[in-house]
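Let's sit down with a model and learn to read it piece by piece. Bring your questions.

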Amino acid sequence: MPCEGRTACTAVLRLALASVSAADLASGIRAPATATGKGAEGLKKNFLIVGGTSGVGLELARHYVDGGHNVTITGRNRPDLAGAGFQRYDVTGDTERQVRDTDVLLDHAKVVHTLVYCAGFRQHGHLYELADDELAAMTHVGLLAPMLLIQRLKIRSDWPLKIMLITSS
């Protein structure tokens, strides 16, 4: 979801980056060679940014790519960001498809050190005015998708997993 103005986006980005220490960003996670396949060069982090095609997610992706890290962005549309991979991943679908798509995404990503989850969409109206399918989409984006990702990443990881959840209302 795009930020409401560049100033708001910059403020949110500063808050998000403040949650990760400067030393951590500079050095990366020292994962075992089997986890990164790079041995001593395994100081780069592998970031999976869900909702990284615009707004705060895209700005975080730029930041981590500029820092020399491996970044995979997900979303419905490919962003224009050199140096980052892209996987189509729609978190608003039905549960069965979402489970399947999550497994495919993580099979492709292989090693993820940091999950940045900032998927969102603009939902117009008050909660009591929304149709059942709109409520279901909100639940998929805000609860089911991040839970599936965290559960599966934790099961697959032999190294510390960092998680950054960015929400909006």
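**Reading the fold, one feature at a time**

Q: Where is Gln123 found?

A: Gln123 sits in the loop between β4 and α6. Keep in mind that this is a predicted model.

Q: Is Gln123 buried, exposed or partly exposed?

A: Its relative accessible area is 24%, so Gln123 counts as partly exposed; the cut-off for buried is under 20%. As for its surroundings, leave aside the neighbours within four places in sequence, and Gln123 is in contact with Leu130, Glu134 and Met138. Gln123 and Leu135 are 12 residues apart in sequence, and their C-alpha atoms are 9.4 Å apart in space.

Q: Let's zoom out. How many helices and strands does the chain have?

A: There are 6 helices and 5 strands. From the N terminus on, the elements run α-α-α-β-α-β-β-α-β-α-β. Of the 169 residues, 44% count as buried. Among contacts between residues at least 6 apart in sequence, 62% join residues at least 24 apart.

Q: How do I read the sheet, and in what order do its strands come?

A: The general idea is that strands of a sheet pair through backbone hydrogen bonds, either parallel or antiparallel. Here you have an open sheet of 5 strands with parallel pairing, in the order β3-β2-β1-β4-β5. The edge strands are β3 (84-88) and β5 (162-165), each pairing on one side only. From one strand to the next, the twist averages 15°.

Q: Which strands does β1 pair with, and how many bridges join them?

A: On one hand, 5 bridges join β1 (residues 46-50) to β2 (residues 70-75), and the two run parallel. On the other, β1 is joined to β4 by 4 bridges, again parallel. For individual partners, Phe47 has Val71 as its bridge partner in β2, Ile49 has Ile73 in β2, and Leu48 has Leu115 in β4.

Q: Which way do the residues of β1 point?

A: Asn46, Leu48 and Val50 point one way, Phe47 and Ile49 the other, and all are buried.

Q: What about α4 itself: how many of its residues are buried?

A: A general point about helices first: an α-helix has 3.6 residues a turn, so residues three or four places apart point the same way. In this model, 9 of the 12 residues of α4 are buried, so the helix is largely enclosed by the rest of the structure. The buried residues are Gly55, Val56, Gly57, Leu58, Glu59, Leu60, Ala61, Tyr64 and Val65.

Q: What span should α4 have?

A: At 1.5 Å a residue, its 12 residues should span 16 Å, and the end C-alpha atoms are 17 Å apart, which agrees. After α4 comes Gly68, with a positive phi near 85°.

Q: How many aromatic pairs turn up in the whole structure?

A: The search finds 1. Phe47 and Tyr64 are stacked, 3.8 Å centre to centre with 15° between the planes. This pair links distant parts of the chain, with Phe47 in strand β1 and Tyr64 in helix α4 (residues 55-66), 17 residues apart. Both residues are buried.

Q: Now a residue in β2. Is Thr74 buried or exposed?

A: Thr74, in strand β2, has 0% relative accessibility, so it counts as buried. Beyond its neighbours within four places in sequence, the contacts of Thr74 include Leu48, Ile49, Val50, Phe86, Tyr89 and Leu105.

Q: Which elements does helix α6 lie across?

A: Helix α6 (residues 132-156) lies across β1, β4 (114-117) and β5, and runs at about 175° to β4.

Q: Last one: what is phi at Lys110?

A: The background is that most residues other than glycine have a negative phi. Lys110 has a phi near 60°, a positive value in a residue other than glycine. Lys110 is in the loop between α5 (95-109) and β4, and with a relative accessible area of 62% it is exposed.

Notes
Residues numbered from 1 in each chain as written. Predicted model: local features only at pLDDT ≥ 70, side-chain atom pairs only at ≥ 80, totals over all residues. Heavy atoms only, no water. Pairing = 2+ DSSP bridges. Axes fitted to C-alpha atoms, helices over the stretch in contact; angles between N-to-C directions. Contact = heavy atoms within 4.5 Å. Buried < 20%, exposed > 50% of the residue type's maximum accessible area, 1.4 Å probe, protein only. Phe/Tyr/Trp six-rings, centres within 6.5 Å; stacked < 30°, edge-to-face > 60°. Expected span 1.5 Å × (residues − 1).
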